[in-house]
Every structure is written in structure tokens, then in C-alpha cells.
There are 2 protein chains.
Amino acid sequence: MEENEHTIFVGSKPFMNYVTGVVMQFTTQNADQVVVKARGKFISKAVDIAEVASKRFLEGQVEIGKIATSSEEFKNKEGRQVRVSTIELNMLKK
Amino acid sequence: MEENEHTIFVGSKPFMNYVTGVVMQFTTQNADQVVVKARGKFISKAVDIAEVASKRFLEGQVEIGKIATSSEEFKNKEGRQVRVSTIELNMLKK
């Protein structure tokens, strides 16, 4: 698996940009697996993107496989210890 | 598994209410498994709650197991078809 080629990092761009990104990886790039990753407040958006891509645009062709969460602790600008959660949704060709 | 007894639905209450709820289920209620569920924008918060409960408050005792997402399509007040994502995070005693 060439992970870097088929990873989508979800951020503040418009929702449909990411959905299109996922769909394009599976269709024009012929990926077997696409990993959708996000941190913090973008986690909900990443789940929406994976759901819409797999249930609406690639229905019957792609499914959400393993989902993993993690978190990183670090010091913020004010020197406070904060924890940020992350998610990885593995999307697989059926 | 008595699912209803050990399910936490994440909504708009303060973050720590839910973390305490998860921790209490494992400690005073002696649960082997707690399922953290959320919909839409509360998904990020649910992941944060599961991460903080397992990595900070119940470190070494509880881990996040299977995570599943889904989505439901329905008509909103304006009659438009909308899709709302859901998540279930299974937290397990080690």
C-alpha cells in the first residue's frame, strides 16, 4: 500500500472538495484503499465525508473498514497541556 | 451484554459530564464494556471523550475497541433530504 498517495487530510476546505477527492482516488486513480484522516473539530466532518462518499457516490463499490482513533498531548501557546484527538477511516474497494 | 445500561449518548452537556459518566460505568457500575454514541457535530466530542476517558482517567485499564460509523437520511423541516452521520465507540475493560 502506498499510503501517502491515497490519504485525504480533512481540514477547513469545503466539504465537497474532500468527497470529490475520495471519489477521484477510487475512480480515476484506481485506489483499492483510501484513508481519511482528521484531527480535533474536523473529526465529525471526516466521518460525514466517508459516509457520503461510500453511501451516496460509491454505493455498492466502497465501504468503510477499520476506524481508529488516537490522541496527542502537547503544550499550547499558553503553555497548557492539551490533548487533541485524531481519527483514521479506512475506505476499501468492495 | 446489557447494551442499554452501558451506553452513553453524547450531546450538548459539558464535556466532563460524559467523561465522568464513562469512568463511573467502569468503576462504580463495574461495566466490562461501555458504548459511546453520537450523531452529527457531536461526533468529534464523542471521540475526545473516549480518548480522555481511556488514556487519562482509565489508563491501562480500558481501551477503545471497535468503532463503527453509519448515517441516516431523512427530510428536514424545509423538506430537504439530509444525511446525518453517527458513531459508536466500544470501550472495553482490558
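**The A/B contact and a few side chains**

Between chain B and chain A there are 13 residue pairs in polar contact, both residues being at pLDDT 80 or more. A polar contact is a pair of N or O atoms within 3.5 Å; within protein, one must be able to donate a hydrogen and the other to accept it, and residues adjacent in sequence count only if both atoms are side-chain atoms.

Some housekeeping. This is a predicted model: local features need pLDDT of at least 70, side-chain atom pairs count only at pLDDT 80 or more, and totals for chains, interfaces and linings use all residues. Residues are numbered from 1 along each chain as its sequence is written, chains are lettered from A and ligands numbered from 1 in the order in which they are written, and side-chain values use heavy atoms, with hydrogens and water left out.

Chain A on its own comes next. Its secondary structure comes to 2 helices and 4 strands, where helices (H or I, at least four residues) and strands (E, at least two) are DSSP runs numbered from the N terminus. The order along the sequence is β-α-β-α-β-β. The C-alpha trace of chain A spans about 45 × 25 × 20 Å along its principal axes. Of the 94 residues in chain A, 44% are buried; buried means under 20% relative accessible area, exposed over 50%, and partly exposed in between, using a 1.4 Å probe and protein chains only. If you take the contacts in chain A between residues at least 6 apart in sequence, 67% of them join residues at least 24 apart. Contact means heavy atoms within 4.5 Å.

Back to the pair of chains.

For chain B and chain A that is about 1,600 Å², with carbon and sulfur atoms giving 52%. On the chain B side, B:I67, B:T69 and B:R83 supply 32% of the area buried against chain A, more than any other three residues.

One residue to look at is A:S71, which lies in strand β3 (residues 62-75) of chain A. A:S71 counts as buried because its relative accessibility is 15%. Its side chain makes a polar contact of 2.8 Å with the side chain of A:R83. Across to the other chain, the side chains of A:S71 and B:E51 are joined by a polar contact of 2.7 Å. Not counting residues up to four places away in sequence, A:S71 touches residues including A:V84, A:T86 and B:K55.

Is B:E51 buried or exposed? It is buried, because its relative accessible area is 0%. Its side chain meets that of B:K55 in a salt bridge, 2.5 Å from N to O. Both lie in helix α2 of chain B, 4 residues apart, about one turn of the helix. B:K55, at a relative accessible area of 32%, is partly exposed.

The structure holds 8 salt bridges over all chains. One of them, 3.8 Å from N to O, pairs the side chains of A:E88 and A:K37. It links distant parts of the chain: A:E88 is in strand β4 (residues 81-93) of chain A, and A:K37 is in strand β2 (residues 33-39) of chain A, 51 residues apart. A:E88 is partly exposed at 31%, while A:K37 counts as buried at 18%. In chain B, B:E88 forms a salt bridge with B:K37, the closest N and O atoms being 3.7 Å apart. B:E88 is in strand β4 and B:K37 in strand β2 (residues 33-39) of chain B, so this pair ties together parts 51 residues apart in sequence.

Last, the core. In the largest nonpolar core, of 49 residues, A:V22, A:I87, B:I87 and B:L89 touch the most other members. A nonpolar core is a set of buried Ala, Val, Leu, Ile, Met, Phe, Trp, Tyr and Cys residues joined through side-chain atoms within 4.5 Å. Neighbours within four places in sequence aside, A:I87 is in contact with residues including A:V36, A:I43, A:V47, A:I67 and B:I87.

Conventions: Buried area = accessible area lost by both parts, 1.4 Å probe. Salt bridge = Lys/Arg side-chain N within 4 Å of Asp/Glu carboxyl O.
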